[in-house]
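The structure is shown first, and the description follows.

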Amino acid sequence: MTPKDMMAVDSNAEELGISKPALMENAGKSVADHIIDILDPCKIVIFAGTGGNGGDGFVTARHLLNNGYNVELFFIGHSDRIKSPETLQNWTAIQNINSDLNSLKVKRIEDSSTLKKVTAPVIVDALLGTGVKGKLREPVSSAVDIINKSEGIKIAVDVPSGLDPLTGNVQDKAVEADFTLTFHEIKTGLKKAAVRYVGNVILYDIGIPKEAEIFLGKGDLLRLKKRGMTSHKGNNGRVLVIGGSRDYSGAPTLAAHAAFKSGVDLVHVACPQSVALPIRSYSPDFIVHTLSEEIIVEEDVDKIVELSKNVDSVVIGCGMGRDAETAAALNEILGEIKKPMVIDADGLKLLYNDILHEIENEVIVTPHSAEFKALFGLDVPERLNDKMEIISKVSNKNKCVVLLKGALDIISNGGKTRLNKTGNPGMTVGGTGDCLAGLTGGLLAKGHDAFEAACLGAYINGRAGDMASVKYEYHFTATDMMKYIDDAFR
C-alpha cells in the first residue's frame with residue numbers, strides 16, 4: 001500500500017463512520033501494547049512530531065503511563081504547526097495530564113541545540129511517519145541522530161523517520177529501528193527498505209474495515225493529478241471525442257463538455273457533417289472536425305486516426321448510431337488508434353467479437369447490465385459478490401477495465417475491483433452516461449491509468465448527480481448535472 005493509498009483509506013473510513021481520532025487511538029495503543037508485551041514497566045523515551053505520527057506518539061504515552069511506565073516525551077517542533085485536529089486533541093490531552101500525579105515529563109524542542117543524549121530501555125520514533133519528503137530539517141535531523149546513538153530498543157511508529165514510505169530509499173538519514181510497527185497494511189517502502197532501517201516489521205490492525213478500500217469515497221479525490229504551476233496549453237491533457245450521427249448531436253456534445261470539466265486543456269470532437277454545426281454552436285471551446293457523411297463511415301477512418309495522434313485520450317461511441325457502415329468504421333478505428341480510450345453507448349453495441357483483444361492500449365468500457373450481456377454474452381448476477389467476480393473475470397479475459405453502471409457501479413481491471421455508490425435514480429435521465437464517458441476520458445488524458453480514471457470518473461459523476469438532486473430532486477437533466485462536476489471534484 002502506498003502512502004497515498006493509506007491517506008485515501010483513512011478518509012474513506014471516516015466517511016463510513018470510523019473517525020480519525022478512533023484510528024489514532026488504536027494506532028497509539030498498539031504501540032503501547034507492543035512495549036508492554038516485551039518489557040515490564042520502565043523508562044520510555046518518545047520523540048513526537050507535529051503530524052499524525054506525533055499524535056500516535058501522544059496516545060502511546062498516555063497508555064504507557066496508565067500501565068506504570070515512566071515516560072519522557074520530546075515534542076519536536078512548534079505546537080502552532082499542528083494541523084490535524086486529532087493530533088491537536090491528543091497534544092492537548094498530554095498537556096492536561098502533565099502533572100505531579102504521574103511520571104510524565106514533557107520537553108518541547110524547538111531548537112536542536114536543546115537536544116541531549118537520552119538513555120532508556122526503549123526509544124520510540126513518532127517524528128515523521130509517512131510525511132517525509134527530501135532532506136530532514138532541524139531539529140528533526142538532530143533528533144534522528146540522537147535516536148540512532150541511543151542504546152535502547154528503537155521502535156519506529158508506522159515508518160522510520162527519514163525513510164521514503166513509497167520507495168524505501170533514504171535520501172539523507174533515517175532512524176535505524178529494531179522494530180517498525182505499521183498499521184492496516186504494510187507500506188510499499190517498508191517492503192523495499194534495507195533491514196538496517198526497518199528492523200522487524202510488525203503489522204497491527206487499527207480497525208479500518210475492508211469496505212474503506214473497496215468503496216470509493218472522498219479520500220480517493222486525493223489521487224487527482226495536480227496542475228503544474230509552470231504548465232502551458234496541452235500539458236494538462238487533450239481529448240478526442242468521436243461520435244454523433246444524423247439524429248444525435250447531444251451525446252458527443254455532453255461528453256466533450258464533461259471532458260473539459262475534468263480539467264483538460266483541449267477537447268477535439270470528430271463528428272459527421274450532419275451534426276457538426278450544432279456541436280460547434282454549443283460551445284466555442286470545442287475544436288470540431290467535420291467528417292464526410294451523415295454518419296461515421298470507413299472513409300473517415302484515416303482522418304480520425306490522424307487526429308488521435310495529437311491527443312492523450314479518446315472517447316468513442318457517444319451518439320454514434322448503429323449503422324453497419326459505422327460499425328465497420330468503429331472497429332477499424334479501434335484497431336489503429338494507439339491511445340488510451342473510453343468506449344461507450346453505441347460504440348459498445350457495434351463491437352465485433354474479440355476486437356478488445358486486438359487493441360494495444362488501455363481501454364475502458366462502460367456498459368449497463370443490458371449492454372454488458374450484449375457485449376460479453378453474460379447475465380449480471382443478483383448477488384454482489386457474484387457480480388464482482390464475473391466483472392473481474394471478464395475484465396481480465398478481455399484485457400480492459402469494465403465500469404458496470406448501475407445503482408451500485410462496479411469497476412474492475414481484473415486484478416482490483418472497486419464499488420461506487422454515488423448517484424441516484426434521477427440519473428436515469430438521458431445523457432448522464434455521456435457525461436461519465438467524457439469525464440473518464442478527461443481523467444485518462446490527465447495521466448491517470450485506466451482503472452483509476454474509471455473509478456474517479458464514476459465517483460465524481462455520481463457525486464455531481466447527488467448534488468444536482470439536492471436542488472432539483474429527480475427533475476434534472478444531464479446539462480443541469482454538469483454544473484456540479486467542478487464542485488464534485490472538491
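In this predicted model, A345 has a relative accessibility of 16%, which lies under the 20% limit, and therefore counts as buried. A345 is placed in the loop between β12 and α13.

E473 belongs to the loop between α18 and α19 (478-482). With a relative accessible area of 51%, E473 is above the 50% limit and so is exposed.

A further backbone feature concerns the peptide bond from E138 to P139, which is cis, with omega near 0 degrees. P139 lies in the loop that links β4 and α5 (140-149).

**The nine-stranded sheet**

Nine strands form an open sheet with mixed pairing, in the order β10-β9-β8-β11-β12-β13-β14-β15-β16. Its edges are β10 (287-290) and β16 (417-420); each has a single partner strand, so one side of each is left without a neighbour in the sheet. From one strand to the next, the twist averages 15 degrees.

Within this sheet, β11 (residues 313-316) pairs with strands on both sides, β8 in one case and β12 in the other. The pairing with β8 (residues 238-242) is parallel and comprises four bridges, and V239 has S313 of β11 as its bridge partner. The pairing with β12 (residues 341-343) is also parallel and comprises three bridges. Here V314 stands opposite M341, and I316 stands opposite I343. S313 and V315 point one way from β11, V314 and I316 point the other way, and all are buried.

Helix α10 (residues 273-282) touches β9 (266-271) and β10, and its direction makes about 165 degrees with that of β10. Helix α16 (residues 384-398) touches β14 (401-404), β15 (409-412) and β16, and its direction makes about 35 degrees with that of β15.

The table lists its pairings.

| Strand pair | Sense | Bridges |
|---|---|---|
| β4 (residues 122-126) and β5 | parallel | four |
| β5 and β6 (residues 179-183) | parallel | three |

At the residue level, D125 stands opposite A156 in β5, while I155 stands opposite F179 in β6.

**The second largest pocket**

The second largest pocket holds about 680 Å³ of space. It is lined by 30 residues, and those closest to its centre are K405, M427, T428, T432 and G433. Elements that give two or more residues to this lining are α13 (346-349), α17 (432-445) and α18 (450-472). Of these, α17 gives the most, with four residues. By class, the lining has nine nonpolar, 13 polar and eight charged residues.

Notes
Residues are numbered from 1 along each chain as its sequence is written. This is a predicted model: local features need pLDDT of at least 70, side-chain atom pairs count only at pLDDT 80 or more; totals for chains, interfaces and linings use all residues. Side-chain values use heavy atoms; hydrogens and water are left out. Two strands pair if DSSP finds at least two bridges between them. Axes are lines fitted to C-alpha atoms, for helices over the stretch in contact, and angles run from 0 to 180 degrees between N-to-C directions. Contact means heavy atoms within 4.5 Å. On a 1 Å grid over the protein atoms alone, a cavity is a set of points where a 1.4 Å probe fits but cannot get out, and a pocket is an open set with protein on both sides within 12 Å along at least five of seven lines; lining residues have an atom within 4 Å of a point. Grid points are joined across faces, edges and corners, and a volume is the space filled by probe spheres set on the points. Ala, Val, Leu, Ile, Met, Phe, Trp, Tyr, Cys and Pro count as nonpolar, Asp, Glu, Lys and Arg as charged, and the others, Gly among them, as polar. Buried means under 20% relative accessible area, exposed over 50%, partly exposed in between (1.4 Å probe, protein chains only).
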